[in-house]
Amino acid sequence: MGIIISPSILSADFMNLEQEIKSVQNSGADWIHIDVMDGHFVPNITIGVPVVKSIRKRTDMFLDVHLMIENPEKYVSVFADAGADLITFHIEACKNESKVKDVIQLIKQKNKKAGISIKPNTDVKAILPYINEVDLVLVMTVEPGFGGQEFIHECAMKIPIIRENSNSDLIIQVDGGINNLTAKICKSLGANSLVAGSYIYKSNDYKKAIENLQS
Ligand code: DX5
Ligand code: ZN
């Protein structure tokens with residue numbers, strides 16, 4: 001399996017979002033990563049359902065929706081109907097094991113791919129029980145909330161542990177501080193999907209930036 005590159009539009013020019021999505025598509029991006037923040041789970045507010053709906057109308061790209069919100073079970077269905085292809089939620093947003101399982105089920109009932117994410121300070125052991133029930137595990141390599149932060153190296157050490165314990169078709173995605181150097185580290189540890197916001201959108205050559213992440 002190749003490396004799935006998912007540019008985060010959080011660092012894109014929101015006044016030209018359609019063009020910003022087309023540009024990364026034409027530059028070799030595989031997915032579009034959409035960061036949804038609620039001001040509670042993380043100290044920032046970003047994109048909501050109407051924007052996902054608008055994006056869906058203008059692109060056929062695979063929409064990778066990263067929910068950094070409390071009570072994900074309340075919002076899975078609206079994001080699915082808005083056009084998400086993959087819905088990733090945070091294990092830390094679920095009070096207990098049955099909540100985690102409920103959210104995975106809700107996503108699957110909508111015939112969408114399901115992802116579960118883990119914040120830097122959460123022990124990797126917490127998600128191991130669910131990794132074979134989801135399509136993707138998202139390892140956060142920064143504290144979720146903002147683009148442009150520095151990669152936390154210790155977080156990447158979760159990748160091989162997840163890889164060793166999972167089915168071979170599990171997608172392991174990393175998000176936060178990904179650039180040409182940290183991408184290499186993550187890939188060598190077993191990640192096969194990279195989210196990158198500022199590295200791509202703050203560069204002056206999207207194609208080159210994406211190629212650097214792939215190589
Ligand atoms: C952070 C978001 C990321 C963010 C990454 O909470 O989940 O997707 O956009 O930005 P960079 O690549 O700039 O670290
Ligand atoms: Zn993200």
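**Salt bridges up close**

Tutor: Let's begin with E97 and K101, whose side chains meet in a salt bridge at 3.9 Å, N to O. The term covers a side-chain nitrogen of Lys or Arg within 4 Å of a carboxyl oxygen of Asp or Glu. Please keep in mind that this is a predicted model, where local features need pLDDT of at least 70 and side-chain atom pairs count only at 80 or more, while totals for chains, interfaces and linings use all residues; side-chain values rest on heavy atoms, with hydrogens and water left out. Residues are numbered from 1 along each chain as its sequence is written, chains are lettered from A and ligands numbered from 1 in written order.

Both E97 and K101 belong to helix 4 (residues 97–109), where they are 4 residues apart, about one turn of the helix. Helices here are DSSP runs of H or I with at least four residues, strands are runs of E with at least two, and both are numbered from the N terminus. E97 has 49% relative accessibility, so it counts as partly exposed; that class lies between buried (under 20% relative accessible area) and exposed (over 50%), with a 1.4 Å probe and protein chains only. K101, at 34% relative accessibility, is likewise partly exposed.

Now for a pair within another helix. K207 and E211 form a salt bridge whose closest N and O atoms are 3.2 Å apart. These two residues are separated by about one helical turn because they sit 4 residues apart in helix 9 (residues 206–214). K207 is partly exposed, with a relative accessible area of 43%, and E211 is partly exposed too, at 35%. Salt bridges can also share partners, and in this way E18, K22 and R58 are joined into one network.

A further pair, E143 and K119, forms a salt bridge with its closest N and O atoms 3.9 Å apart. This pair links distant parts of the chain, the two residues being 24 apart: E143 is in the loop between strand 6 (136–140) and helix 5 (153–156), and K119 is in the loop between strand 5 (113–118) and strand 6. With a relative accessible area of 33%, E143 counts as partly exposed.
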